[in-house]
Amino acid sequence: MTELVHEVIDAANAKKTIKERIEFLSQEKHASRDIIRRMVFMSYNKSVEVLLPSTDPPFKPSEQPKGMNTPIDSESRRLSIFVKGLGYDNMDQSKRENIFIQILEAIDPDDGKLLLLATQKKFRIKGLTIPQLNKIFDLNMPVPEKKKPSNVQENKSKEQVPATP
């Protein structure tokens, strides 16, 4: 039986070091899971615009026993409905939100929490950076430039001013 997504992420976050997390997630059975790749891409990539409200929708989490819900993996392709530029931009917003609620109500409640975090760009794997996630999941997310301390910029501007005689 395939592990639930939250079980994989919880196990990764429980690892003591970043190296152990990377090794764990790099295993083929985890790194190749499309749903995890899509959730990472949706949450970490700043250029991805999610077409859902940033608040939790009104839904009733499934009360099915563990493992009896619709696997979140089967909903992976439907995530494109919620991302701008992937062919569903003209879909009626209420229809889009109803589909999202249907997905949340069908999947495991703990996986649903992760999906909510991903659509709100709050899903994180403890301590991992975008370059590390790109390597693990074979993604091509842009890496944000590191901000230079403001005093470095000030020093440069001072150096460029010619000294007065």
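**A core of helices**

Biologist: In this predicted model, which of the 40 residues in the largest nonpolar core touch the most other members?

Modeller: A nonpolar core is a set of buried Ala, Val, Leu, Ile, Met, Phe, Trp, Tyr and Cys residues joined through side-chain atoms within 4.5 Å. Buried means under 20% relative accessible area, with exposed over 50% and partly exposed in between (1.4 Å probe, protein chains only). The members of this core that touch the most others are Leu25, Met39, Val40, Ile125 and Phe137.

Biologist: What pLDDT do local features need in this model?

Modeller: Residues are numbered from 1 along each chain as its sequence is written, and side-chain values use heavy atoms, leaving out hydrogens and water. Totals for chains, interfaces and linings use all residues of the predicted model, side-chain atom pairs count only at pLDDT 80 or more, and local features need pLDDT of at least 70.

Biologist: Which element gives the largest share of the core?

Modeller: Helices (H or I, at least four residues) and strands (E, at least two) are DSSP runs, numbered from the N terminus. The protein has eight helices and zero strands. Two or more core residues come from each of α1 (5-14), α2 (18-26), α4 (34-44), α5 (93-106), α6 (109-119) and α7 (130-137). The largest share, six residues, is given by α4.

Biologist: With which residues is Ile125 in contact, leaving aside its neighbours within four places in sequence?

Modeller: Contact means heavy atoms within 4.5 Å. Ile125 is among the core residues that touch the most other members. With those neighbours left aside, the contacts of Ile125 are Ile9, Ala12, Asn13, Arg21, Leu25, Val40, Tyr44, Leu133 and Phe137.

Biologist: How are α1 and α4 oriented to each other?

Modeller: Axes are lines fitted to C-alpha atoms, for helices over the stretch in contact, and angles run from 0 to 180 degrees between N-to-C directions. The axes of α1 and α4 lie 10 Å apart, at an angle of about 65 degrees. Angles under 35 degrees count as roughly parallel, over 145 as roughly antiparallel, 65 to 115 as roughly perpendicular and the rest as oblique. The two helices, α1 and α4, are therefore roughly perpendicular.

Biologist: Which residues of α4 make the contact with α6?

Modeller: The axes of α4 and α6 cross at roughly 35 degrees and come within 7 Å. On the α6 side, the contact involves Leu114, Leu115, Leu117, Ala118 and Thr119. On the α4 side, the residues are Met39, Met42 and Ser43.
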